[in-house]
Amino acid sequence: MTEETHPLAQSLNQELDANGSALLRMLSEKGKKAYFPSRGILGQSAEAKDSAINATIGTAFEEDGSPLCLECLEDLVKIPSTAYLYTPSYGLPGLRETWREMIVCKNPSLAGKCFSMPVVTNALTHGLSVASYLFVDPGDRIILPDLFWDNYELLFEAAYGGTLTTFPMFDNGHFNVAGLDRLLQSPGERKLVVLNFPNNPTGYTATEDDAIAIRAALLKAAESGKRVVTILDDAYFGLVYEPEVSRESLFTDLADLHPNLLAVKLDGPTKEDYVWGFRVGFITFGAKGANAAQYKALEAKSAGIVRGSISNVSSIGQHLLQKAYRQTEYADQKKAKYEILRRRYTRIKEILAGHPEYSASFEPMPFNSGYFMCVKPKGADPEAVRKLLLAKHNTGVIVLSGLIRLAFSSVPLEKLDTLFSNLHNAIRELQKA
Ligand SMILES: Cc1ncc(COP(=O)(O)O)c(C=O)c1O
């Protein structure tokens with residue numbers, strides 16, 4: 001900590017440092033300086049909220065005191081006019097509570113465990129950015145598998161100066177826990193880990209066995225005295241299609257694993273509830289032994305970072321979601337959409353099993369969940385395959401880390417057979433060229 005640390009940040013830091021907790025020593029230098037400006041405009045507005053004349057806040061009200069909004073917009077979306085106002089930097093209180101309850105409902109083993117309230121972020125990308133602000137110092141190494149969402153480079157490296165340090169994601173068709181373990185055991189007292197299940201790009205989620213081994217590797221590092229911040233990118237949570245795959249987030253295991261381990265969960269409705277453009281997400285913390293005041297301090301720092309970057313998240317998206325989560329049809333409709341993706345997944349498994357000749361042109365990477373699957377082309381350059389697919393087969397795919405990623409989330413069931421035969425034919429053409 002330096003002299004410039006704001007007194008409010010200092011008091012949050014004292015909280016995080018109390019009771020011999022390792023939490024303060026897990027933060028980046030920027031994270032130590034982060035605070036929520038509870039005594040500025042926001043604090044003064046809060047104090048005045050019941051005044052007969054309230055001239056504190058920069059929103060506008062009609063002569064009758066209702067929020068001032070344009071009728072042409074009101075006609076477009078049927079939401080209460082209060083949804084036109086700002087939400088707190090922490091997010092809409094009711095939505096935060098609902099999302100926390102939903103996390104427990106979707107992860108029953110979390111029941112009774114202690115973890116923070118979620119703070120609303122501008123969807124997961126921004127949540128990852130808030131986490132980087134809190135935990136990544138320039139030069140920090142961030143441990144993760146070698147197959148990752150490419151935006152991590154912009155987030156962790158370009159924006160916060162960290163270095164992505166990877167291990168091969170798969171070993172013999174399973175998550176390479178030994179690779180993770182090796183990097184956790186490397187020198188350094190503070191370890192930052194990013195795990196993303198279901199994974200983009202591979203569509204792989206840790207099986208129950210993988211999850212036990214991952215937990216053991218993280219625990220070993222924490223027990224040896226390392227402070228381990230584990231960032232869980234749960235963007236595709238819930239979209240798992242095989243019985244042996246973990247149904248719950250790793251957060252359930254990690255939130256009360258060891259005082260030296262802080263689990264940071266990034267999740268949200270973007271992919272789960274198919275609202276990519278709403279830009280609503282959540283950041284939630286869990287560490288063994290952390291008390292309510294320490295969770296409040298982490299929430300305050302996160303909300304302060306939200307305040308200092310985007311001020312607060314789209315109110316309209318939060319209000320719509322809050323309403324949707326209370327609708328009785330929500331669960332059934334969500335299940336129906338899940339079934340659409342699961343049927344495509346099952347069809348791909350059938351296609352691969354029904355076409356042994358495809359093994360001459362590509363090898364599918366392990367996949368069991370999510371929006372995507374990847375193949376490794378044989379004897380052909382992935383970029384050349386992509387270009388040929390576009391030019392000759394009217395088919396678009398993505399090339400990432402030497403693999404071809406197929407987003408079955410966006411391909412109708414009836415086109416999947418053609419997608420794979422086009423892929424096979426394009427690779428065969430290039431092999432012969
Ligand atoms: C692994 C992963 N994390 C996060 C995100 C970003 O999600 P959001 O749109 O909520 O920012 C994506 C989007 O593609 C993703 O694939």
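Visitor: How far apart do the C-alpha centres of domain 1 and domain 2 lie?

Guide: The C-alpha centres of domain 1 and domain 2 lie 30 Å apart, with domain 1 spanning 7-36 + 89-326 and domain 2 spanning 330-432, bounds that come from an automatic or database domain assignment. This is a predicted model, in which local features need pLDDT of at least 70 and side-chain atom pairs count only at pLDDT 80 or more, while totals for chains, interfaces and linings use all residues. Residues are numbered from 1 along each chain as its sequence is written, and side-chain values use heavy atoms, leaving out hydrogens and water.

Visitor: What makes domain 1 and domain 2 count as being in contact?

Guide: Contact means heavy atoms within 4.5 Å, and 30 residues of domain 1 are in contact with 23 residues of domain 2. The two domains bury about 2,200 Å² between them, 61% of it on carbon and sulfur atoms, where buried area is the accessible area (1.4 Å probe) lost on being put together, summed over both parts. On the domain 1 side, Pro201, Tyr241 and Tyr274 lose the most area to domain 2, together 31% of what that side buries.
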